[in-house]
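Take each task on your own before you read its solution.

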Amino acid sequence: MTQASGTGTGKHSGKSGRRTSGIAAAAVGALSNQLGAASGSLAFPVIGPAGVVAVRQLVAAMILLPLVRPRIRSLTRTQWWPVLLLAVVFGTMNLTLYLAIDRIGLGLAVTLEFCGPLAVALLGSRTRNSAVCALIAGAGVIAITRPQPSTDYLGIGFGLIAACSWAAYILLNRTIGARIPGVQGTATATAVSAILFLPIGAWILITTRPDAFTLLCAVGAGVLASAVPFVADLTALRKIPASLFGTLMSLNPVLAALVGALLFKEGLGGIEWAGIALIVTANTIGLLLPSRTMSVTNRFNKS
């Protein structure tokens, strides 16, 4: 009896350890993502958001392609078209997010972007509870934007375009996942996106001649916001349920607001924090609703 009890305790301890390490990996990935966005924003004054995105896409492709090793030559026409669309959406998503960060700050931009996966989750659920979540999220968006003469509508618009792009990114990843094994499609789309941004990045780098610090910040965005979260998320998903992983990803807007406040002194008032809390709450509840469209993994697998 003593031996059996000890064996049971050991198994429980092992599961608890895997769960703890999985939660830690998810948290590291989320924090790294926001630190990467912060790193990229430091390069905005010299090379602008477009330059940062170009460098980020190139760095992400250079890291992910050797890790994933996608079989690009074996892709068929039906596999290529969603990959190409994903590449365009991927670039649009990152560019509009960085444009929004440049105008309205890290915390608010990331929170608005998070409305994209929330919308996909709620539309996939199609229940009365999802309608309530949508109302909660809508109240959060209104609290954040607070229409008034001083409101930066262009920055808010960029944030909402990033949200729509993330929603499209999720849906395209669902299609690619059904046609291409593993994450080969996402890695290929990252490479295509890097190629599309290469002429833009080359022109910006030639005309601006950035210093070493600017380049380091832009490269840091690629490593911290793409490579590290990619590895951390895969590690987390092997150790914790997808539903728990998705719930942990809801912390991204809060982490973004905290990073913005600590590193850039972005002052958020009580109304803005309330808006962030409402959107995070709606997203968390939305993740717990039964979905008819896709798993939580695909909602948040953003490389």
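**Exercise 1: a residue in helix H6**

Isoleucine 144 has its place in helix H6 (residues 128–145); helices here are DSSP runs of H or I with at least four residues, strands are E runs of at least two, and both are numbered from the N terminus. A word on the ground rules: this is a predicted model, in which local features need pLDDT of at least 70 and side-chain atom pairs count only at pLDDT 80 or more, while totals for chains, interfaces and linings use all residues. Residues are numbered from 1 along each chain as its sequence is written, and side-chain values use heavy atoms, with hydrogens and water left out.

Task: decide whether isoleucine 144 is buried or exposed, and list what isoleucine 144 is in contact with beyond its neighbours within four places in sequence.

Solution. 
- Step 1. Take the cut-offs: buried means under 20% relative accessible area, exposed over 50%, and partly exposed in between, with a 1.4 Å probe and protein chains only.
- Step 2. The relative accessible area of isoleucine 144 is 6%, so this residue is buried.
- Step 3. With neighbours within four places set aside, isoleucine 144 is in contact (heavy atoms within 4.5 Å) with Leu108, Thr111, Glu272, Gly275, Ile276 and Ile279.
- Step 4. Look at threonine 111: its C-alpha atom is separated by 8.8 Å from that of isoleucine 144, and the two are 33 residues apart along the chain.

**Exercise 2: H4 against H11**

Task: find how the axes of H4 and H11 cross, and which residues make the contact.

Solution. 
- Step 1. Axes are lines fitted to C-alpha atoms, for helices over the stretch in contact, with angles from 0 to 180 degrees between N-to-C directions.
- Step 2. For helix H4 (residues 106–113) and helix H11 (residues 252–264), the axes come within 7 Å and cross at roughly 165°.
- Step 3. H4 and H11 are therefore roughly antiparallel; angles over 145 degrees count as such, those under 35 as roughly parallel, 65 to 115 as roughly perpendicular and the rest as oblique.
- Step 4. On the H4 side, the contact is made by Leu106, Gly107, Val110 and Thr111, and on the H11 side by Asn252, Pro253, Ala256, Ala257, Val259 and Gly260.
- Step 5. Sorted by type, the residues of this H4–H11 contact are six nonpolar, four polar and no charged. Here Ala, Val, Leu, Ile, Met, Phe, Trp, Tyr, Cys and Pro count as nonpolar, Asp, Glu, Lys and Arg as charged, and the others, Gly among them, as polar.

**Exercise 3: aromatic pairs**

Task: how many aromatic pairs does the structure hold? Classify two of them.

Solution. 
- Step 1. Rings of Phe, Tyr and Trp (its six-membered ring) pair if their centres lie within 6.5 Å; planes under 30 degrees apart count as stacked, over 60 as edge-to-face and the rest as tilted.
- Step 2. The structure holds three aromatic pairs.
- Step 3. For phenylalanine 44 and tyrosine 98, the ring centres are 5.8 Å apart and the planes stand at 55°, so the pair is tilted.
- Step 4. Phenylalanine 44 lies in helix H2 (residues 44–68) and tyrosine 98 in helix H3 (residues 77–104), 54 residues apart, and the pair links distant parts of the chain. Phenylalanine 44 and tyrosine 98 are both buried.
- Step 5. For phenylalanine 114 and tryptophan 166, the centres are 5.1 Å apart and the planes at 80°, so this pair is edge-to-face. Both phenylalanine 114 and tryptophan 166 are buried.
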